[in-house]
Amino acid sequence: MLTAQNETINALDLTWVRSQFPALAQSVNEQPAVFLDGPGGTQVPQRVIDAISDYLKLDNANTAGAYATSRRTDSIIAGARSAMADFLNCDPDEVVFGPNMTALTFAISRSIGRELGPGDEIVLTHLDHDANISPWRALEERGVTIRMVEIHEDDCTLDMNDLAREVTDRTKLVAVGYASNAVGTINDVRKIIRLAHEHGAMAYIDAVHYAPHGPIDVRALDCDFLVCSTYKFFGPHMGVLYGKREHLKRLEPYKVRANTNAIPNRWEWGTLNHECIAGITACVHYLADLGRRVNPSASTRRAALLAAYEAIQKHERELMELLIRGLVAIPGLKLYGISDPKRFDQRCPTLAVRIKGRTPLELATRLGERGFFTWDGNYYALNLTERLDVEKDGGFLRIGLAHYNTAEEVERFLVALREIAV
Ligand SMILES: Cc1ncc(COP(=O)(O)O)c(C=O)c1O
């Protein structure tokens, strides 16, 4: 494979990858556990577990104290900010840590809402997770109008013509997902951000589902905000927000008086989860190490991360092709979202299916008994399950591949699902 710099990169060394994740060695009812639940949260490499426990063992303190453990805590947080800045391609002072994406989004929506009122509009989509809908809908109580962008039901993609109609000079913000956590669609966020800016609106990107599958470049996207959650890309349970420096400085957060006014800390309230922040650096280092293994000439951490994602995307694509080929051959199975292999670069390896005569819960339970971890329900993509009229019947069965899955796991999964389906 050739990188953007025309360097050959090696394929993923799956033995090495899997050896990093102790959880993958588990079994259920004497069957090896197969983790197809990544969209709900991925497993973590040993180094993330070590970083969290080492922090608690050696560095545990609050910030800004005049003694060793507190100084080390400050430096650990600074290190994690700089790791996430490389991950997102921004500056460390544009990286805000929080408990999760949902809490960070409510914080930003409340602050943006201070400046909005009747006549102002926010554009959302039916494809999004509710965490990128309800925090904005909450501003309706200030008189803000919400406009919802339609989807094409046949392939679960955004209706870009409708989006172009909904965004007008009254629009103050467009909030959209980078990729759907339910059906895997990757949205053309670059185009959406450009459209928002043409109308003087801000663009808020939910990259939670995209982050384990593709590289993020907030500078190239030119988004105003972008949020992700480290527990979806091999790190601890935390959320991370990128905000353009000008917005983080200008917008007014709700915060305690003693909290600094400097960015990014004015957006971080109370004491953060320091041990998990230590784990975030370790998770970025895992990905960078993976990148250096596939491209030993990657000279910076950012270059190593890009190499890692190039190899991840290639591996996930192969697994996804195998999985979709097998799924569509199962009698009575309906796959939601893009199914044409020529368009697979527009989707993540996250597959929503239903099987005639079986509820998603029944399928997930029977798969779970055999060691296959999948999800059933709406995964909070409530607008989508309602729009597709599956909410009343248990939503979908979601099969989510991550780069640590193997072709052999996919083949065994297909055999099990075929048996359960009949
Ligand atoms: C696409 C998407 N957005 C937002 C969220 C919410 O993330 P968090 O759990 O960090 O609040 C999720 C969680 O599943 C998600 O998949």
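How far is the sulfur of Cys 276 from the closest cysteine sulfur, and in which residue does that one sit? It's 11 Å, over to Cys 283, so that's too far for a bond. For the record, a disulfide here is a pair of cysteine sulfur atoms within 2.5 Å, and the structure holds zero of them.

Quick housekeeping, then. This is a predicted model, where local features need pLDDT of at least 70, side-chain atom pairs count only at pLDDT 80 or more, and totals for chains, interfaces and linings use all residues. Residues are numbered from 1 along each chain as its sequence is written, and side-chain values use heavy atoms, with hydrogens and water left out.

Back to the cysteines. Cys 348 has its closest cysteine sulfur in Cys 156, 13 Å off, so again too far for a bond. Cys 348 is buried at 1% relative accessibility, and Cys 276 is buried as well, at 12%. The cut-offs: buried is under 20% relative accessible area, exposed is over 50%, partly exposed is in between, with a 1.4 Å probe and protein chains only.

Okay, pockets. A pocket is an open set of points on a 1 Å grid over the protein atoms alone, where a 1.4 Å probe fits, with protein on both sides within 12 Å along at least five of seven lines; lining residues have an atom within 4 Å of a point. Volume is the space filled by probe spheres set on the points, which are joined across faces, edges and corners.

The largest pocket comes to about 410 Å³. It has 24 lining residues, and the closest to its centre are His 129, Asn 181, Val 208, Lys 232 and Tyr 379. By type the lining is 10 nonpolar, 10 polar and four charged.

Of its 14 lining residues, Thr 63, Asn 259, Asn 265, Glu 268 and Gly 270 lie nearest the centre. The lining here is four nonpolar, seven polar and three charged. Helix H3, residues 68-88, gives the most to it, with three residues. Helices are DSSP runs of H or I with at least four residues, strands are E runs of at least two, and both are numbered from the N terminus.

On to packing. A nonpolar core is a set of buried Ala, Val, Leu, Ile, Met, Phe, Trp, Tyr and Cys residues joined through side-chain atoms within 4.5 Å. The largest one has 90 residues, and Met 84, Phe 87 and Ile 216 are among those with the most contacts inside it. Helix H10, residues 274-294, supplies the largest share, 11 residues. Apart from that core there's another, of 30 residues, including Leu 335 and Phe 372.

Most residues other than glycine have a negative phi, and most peptide bonds are trans. Here, Ile 263 and Pro 264 are joined by a cis peptide bond, with omega about 0°. Pro 264 sits in the loop between helix H9 (245-250) and H10.

Ala 64 has a positive phi, near 60°. Look for Ala 64 in the loop between helix H2 (46-59) and H3, where it counts as exposed at 67% relative accessibility. Asp 389 also has a positive phi, about 60°. Asp 389 is in the loop between helix H13 (382-387) and strand S17 (396-400), and is partly exposed, at 47%.

Methods
Nonpolar A, V, L, I, M, F, W, Y, C, P; charged D, E, K, R; others polar.
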